[in-house]
Amino acid sequence: MYLGVDYYPEHWERERWDVDARLMEDAGVELVRLAEFAWSRLEPEDENYDFSWLDEVISILGGHNIKVILCTPTAAPPAWLINKHPDILPVTRNGQRMSFGARRHYCITNRNYYYYSERIIRKMAEHYKDNPQVIGWQVDNEFGGPKCYCEGCRKEFQLWLKRKYGTLENLNKSWGNAFWSHDYTAWEQIPLPVVYYHNPSFDLDFRRFFSDMTVRYSNMQIRLLKGLNSGKFVTHNFMGLFSELDYYDLSREYDFVSWDNYPRDSSNRYRAALAHDVMRGLKKKNFWIMEEQCSYITREDITRTFPPGEMRLWTYHCYAHGAEAVVYFRWRACNFGIEQFHSGILQHDGTDNSISYRELKQIGKEMGKIGPEIENAKIVSPVAIIYDYENIWVNLAYQEKPMYDYPGEILRFYRSIKRLGINVDMIKSSDDFSNYKVIIAPLLYVMTDELAKNIKDYVSGGGIFIAGFRCAIKDESSNMLKEVLPGKLRDLFGISIYAWDNIRDMAVEIKDRDGKIYRGDTFADLITPEGAEVLAQYNSGWYTPYAAVTVNRYGKGKAYYTGCGLSQEFYDSLMKQLLSEYSIKDIVFPEEVEVNIREKDGRRFVFITNFSDKSVSIKIKRDMRDLITDKYINGETELSPFGIMILEG
Ligand code: GLA
Ligand code: GLA
């Protein structure tokens, strides 16, 4: 396991590098990420390379036992390159070519950009391939945009569509081009979706296309690096819940996923937890944190400074969800550039007096001891939630704003499962379901014959499947299905849905069989049971005759349909009922605390993280050893503000 920092030696004078390396080593830093934005210093002019400064930094770091991850610098093409090939710059939706500056100013399909990217990567890889201190590569930095609307992309898109549909007849039919006279009679007529209100099918394919083009460019880099650098890993820094790319596709050829974790503050703890699980789910493998927030950050605003203890809490939260390394962004706050109000482990003054530095020292010491014990420990889960990019992409009204908050709908269930101290796996709908006792699928819009069959096989074999509202309403082209809802899953759920309502923030009353009242919100599928058992009923106005939540026996299993958003207690009680045999029995903990488990060689590590800035009390019902203090704990015990424990037993 590694503890590391993102370092920008090119931002500091040469004399400082030795001081930095020493301070890093003192704090337990074992790894540094370098050079993701350093192209202009590595190739200051066309074909004129200068790796001498990077060699020197790497050797100074080596003198302090610090390993290096190098980055391909393609997220920031230098000015000379843009000046030579202005066509590399992306074109915005309204047809304006962007100027040089900021970063990520390149068109992902541009052939000239491929050429220069390959050239610098080849040079770097050849230069560092025999350097044992360089253990791996990060490709580019945070793929994801901007989307480009240049003529080159338009041609690529037309080709992509031709490959996909074969004939225009096929395309016109799949997109429903009879609508608003959109029929095409030649491939060259097909535009890019630069107008709003275009067509959801067109929009979906454009999203797939952009994702594919990014994957193609990313794979070019991976293959190049692997071909030239056997033995060094290749990864990329993903962005958690970012959803403009199909991350399952993007991650395929990387050795493992890394990601950049900026939770801001503890009000986002469940989203951060979910993001970790989504990242672990991409390759079903533990992951790295390549950028971990160490205190205040700059976005549209400047966020709060972490109080002492909070950086450490978030760090262990990463490990709790399967991180194998945590690398902090950034080593030292920069005194120039757009991120000058962004904290680092060291503040602008560069002294070792910062809160983050002191905390890093503590973490370094702790991880030096416990790292080897928990390294590669796995996360095993009895429950999976489906997380599909296509279901996010079809959930857009007028191709811009999501109609429903996809992660938000997942979090309704997720929170309740975490309250029981149960791990959650995030999977895609085409994954194998057989390992899970319960599978949950909020906003599962897109339904194919194949997926319907998989879900039915899973349930008839004894699985429990829970759908959220708007299940199985669309086909793979983002067109509404003509079937009575929930379409291909009607017999599975034993229900029909002939009417629904967009209730959004309006509160609707839902009554369960015991007379307990819940709040319904967001959307209401008005369910007519056809064999299913009604678990809760609408209890407001004209919705009253309809069911809101149902369950149906199907083969050896059960299928639940939750027709609307419900208040949290509803999910708490459903999850408790379905998953109680997997819940943590030996630790009692309050809402502020999250519990996660990692396992290795028959050992079980329970990560306990307190998200409150106050101390809280937890109860441990039998002898357990805290890996950090080496003390055995039993009974009622205080967890300090932002406190953590890793208990074995
Ligand atoms: C307008 C248009 C119609 C249709 C409706 C939808 O009235 O004329 O074609 O788009 O809006 O509300
Ligand atoms: C992203 C980028 C970094 C930096 C941070 C700031 O994660 O990858 O280069 O801009 O945000 O929070």
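Figure 1. Helices (H or I, at least four residues) and strands (E, at least two) are DSSP runs, numbered from the N terminus; the expected span is 1.5 Å times one less than the number of residues in the helix. The model is predicted: local features need pLDDT of at least 70 and side-chain atom pairs count only at pLDDT 80 or more, whereas totals for chains, interfaces and linings use all residues. Residues are numbered from 1 along each chain as its sequence is written, chains are lettered from A and ligands numbered from 1 in the order in which they are written, and side-chain values use heavy atoms, with hydrogens and water left out. The buried residues of α15 are Leu 451, Ala 452, Ile 455, Lys 456, Tyr 458 and Val 459, where buried denotes under 20% relative accessible area, exposed over 50%, and partly exposed in between (1.4 Å probe, protein chains only). These residues cover an arc of only 160 degrees around the axis, which puts them on the same side of α15; the arc is that of the directions from the helix axis to the C-beta atoms. The face turned away from this buried side carries the exposed residues Asp 449 and Glu 450. Elements covering the buried residues of α15 include β14, β15 (464-467), α16 (490-493), β19 (547-554) and β20 (557-562), contact being defined by heavy atoms within 4.5 Å. Just after α15, Gly 462 adopts a positive phi of about 120 degrees.

**Figure 2. Parallel pairing around strands β10 and β14.** Strand β10 (residues 383-386) pairs in the parallel sense with strand β13 (residues 424-427) over four bridges and with strand β14 (residues 438-441) over three bridges; two strands pair if DSSP finds at least two bridges between them. Ala 384 has Asp 425 as its bridge partner in β13 and Ile 439 as its bridge partner in β14. Ile 385 is partnered in β14 by Ile 440, and Ile 440 stands opposite Ile 466 in β15. The pairing of β14 with β15 is also parallel, over four bridges. From β10, Val 383 and Ile 385 point one way and Ala 384 and Ile 386 the other way, and all are buried. In β14, Val 438 and Ile 440 point one way and Ile 439 and Ala 441 the other, all again buried.

Figure 3. Nine strands form an open sheet in the order β5-β4-β3-β2-β1-β9-β8-β7-β6, with parallel pairing. Its edge strands are β5 (233-235) and β6 (237-238), each of which pairs on one side only. Strands β2 (residues 31-34) and β3 (residues 67-71) run parallel and are joined by four bridges, with Leu 31 opposite Lys 67 in β3. Helix α10 (residues 269-283) lies across β6, β7 (258-261) and β8 (287-293) and runs at about 170 degrees to β7. Helix α11 (residues 310-320) packs on the sheet, touching β1 (2-6), β7, β8 and β9, and its direction makes about 150 degrees with that of β9. Axes are lines fitted to C-alpha atoms, for helices over the stretch in contact, and angles run from 0 to 180 degrees between N-to-C directions.

**Figure 4. Nonpolar cores.** A nonpolar core is a set of buried Ala, Val, Leu, Ile, Met, Phe, Trp, Tyr and Cys residues joined through side-chain atoms within 4.5 Å. Of the 204 residues in the largest such core, Leu 34 and Phe 465 touch the most other members. Helix α8 (residues 200-228) supplies the largest share of this core, 12 residues. A second, separate core of 16 residues includes Val 606, Ile 620, Met 645 and Leu 647. Apart from neighbours within four places in sequence, the contacts of Leu 34 include Tyr 7, Pro 9, Leu 54, Val 57 and Ile 58.

**Figure 5. Helix α17.** The buried residues of α17 (residues 568-579) are Phe 570, Tyr 571, Leu 574, Met 575, Leu 578 and Leu 579. Seen down the helix axis, they fall within an arc of 125 degrees, so they line one face of α17. On the other side of α17, Lys 576 and Gln 577 are exposed.

**Figure 6. The surroundings of Gly 350.** Gly 350 is located in the loop between β9 (323-329) and α12 (355-374). At 5% relative accessibility, Gly 350 counts as buried. Not counting residues up to four places away in sequence, Gly 350 touches Arg 16, Leu 23 and Arg 332.
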